[in-house]
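Hello,

Here is the structure I said I would pass on. My notes on it follow below.

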Amino acid sequence: MVRPRFPWWKLRPRFDGRPVFLLRSHKTAGQSFSLGLRAAFRPDEISPYYFTWQYGKLSPDDLSQYGYLSGHVGRPTAARVSPDARLLTILRNPVDRLISSYFFWRSQVTRFPDTDHHEVALRLQSLTLLDFVKSDDPVIRRAAWNVQARLLAGADYGLEPAKRTQLFGFEEDVDSVIGRAMEGFEDFAVVGTVDRFQDSLRAAFQVLDLPGEPKFEFNNRTPSKFKDQGVTDEVLDYARQMTEADQIVYDAANARLSELTSTDGGQGRNRPG
């Protein structure tokens, strides 16, 4: 007879601080960053929900047991369902993130044929990479145009599963988005970056006073690398236009990380993986 294993994690004390909520853009190593943060929490303190359309059906009472929440969720939803939470996010080089998103979303339809796919993935089946970065289609633009800056500014993901990759709000001119995004920085305890992944995770543990040590693991890679897959100079030019505000906030995030983290002799500042 095999005796059941005792769940030793139940002997750990519960996290007694304010809840932590990681707001994620797509293809920013958010899964890896989340894994590092989850190490500070018991399994029964970690929210199982992932999207705005899921959180949108819940109340603060429904989520009161969780000390750690994360997902593709915007500030309005986070503020409603977990008003006391301290917010985090992680950003990636904007052009890299945009191109990676295209290949990731486009591949989902063939990789998971029995899944109900979101609107962006379905539209991408007929678009080349150049079509994607030049697109004026509102569905594509909501998922591609300055997404990281708009998340900081206060935009939110769609309330339907089919719209889960589209960010709604703050779709005006670039200067307005930049201004609102820079104001939005103040609502986040830490804004990390992929290029300084380890520094970002250390900063989160320090600023949030999380117990234990961060877990450094990077395992969120797009299966289809975009090397030699149509990334021309023209594509890059249009991608930079699509992410002008994102680049501003990405540079600002790296500068703020320099202020948050102490000098470490250059360790932990390289892109993981």
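Two strands count as paired if DSSP finds at least two bridges between them. The model is a predicted one, and in it 4 strands form an open sheet with the order 2-1-3-6 and parallel pairing. Strand 2 (68-71) and strand 6 (188-193) are the edge strands; each has a single partner strand, so one side of each has no neighbour in the sheet. From one strand to the next, the twist averages 15°.

Strand 1 (residues 20-23) and strand 3 (residues 86-91) run parallel and are joined by 3 bridges. Phe21 has Leu87 in strand 3 as its bridge partner. Helix 12 (residues 244-260) packs on the sheet, where it touches strand 3 and strand 6, and its direction makes about 110° with that of strand 6.

Asp246 lies in helix 12. Asp246 is buried but has no salt bridge: a salt bridge needs a side-chain nitrogen of Lys or Arg within 4 Å of a carboxyl oxygen, and the nearest side chain of opposite charge, Arg97, is 4.8 Å away. Among the residues that Asp246 touches are Pro94 and Asn146.

Now the aromatic rings. The whole structure holds 8 aromatic pairs. Tyr50 and Phe51 form an edge-to-face pair, 4.8 Å centre to centre with 90° between the planes. Tyr50 is partly exposed at 29% relative accessible area, while Phe51 is buried at 16%. Tyr102 and Phe132 form a tilted pair, 5.3 Å centre to centre with 35° between the planes. This pair links helix 4 (residues 94-111) to helix 6 (residues 129-134), its members being 30 residues apart. Ring pairs also link Phe21, Tyr49 and Tyr55 into a cluster.

Regards

Key:
Residues are numbered from 1 along each chain as its sequence is written. This is a predicted model: local features need pLDDT of at least 70, side-chain atom pairs count only at pLDDT 80 or more; totals for chains, interfaces and linings use all residues. Side-chain values use heavy atoms; hydrogens and water are left out. Helices (H or I, at least four residues) and strands (E, at least two) are DSSP runs, numbered from the N terminus. Axes are lines fitted to C-alpha atoms, for helices over the stretch in contact, and angles run from 0 to 180 degrees between N-to-C directions. Contact means heavy atoms within 4.5 Å. Buried means under 20% relative accessible area, exposed over 50%, partly exposed in between (1.4 Å probe, protein chains only). Lys and Arg count as positive and Asp and Glu as negative; His and the chain ends are not counted. Rings of Phe, Tyr and Trp (its six-membered ring) pair if their centres lie within 6.5 Å; planes under 30 degrees apart count as stacked, over 60 as edge-to-face and the rest as tilted. Lists of a residue's contacts leave out its neighbours within four places in sequence.
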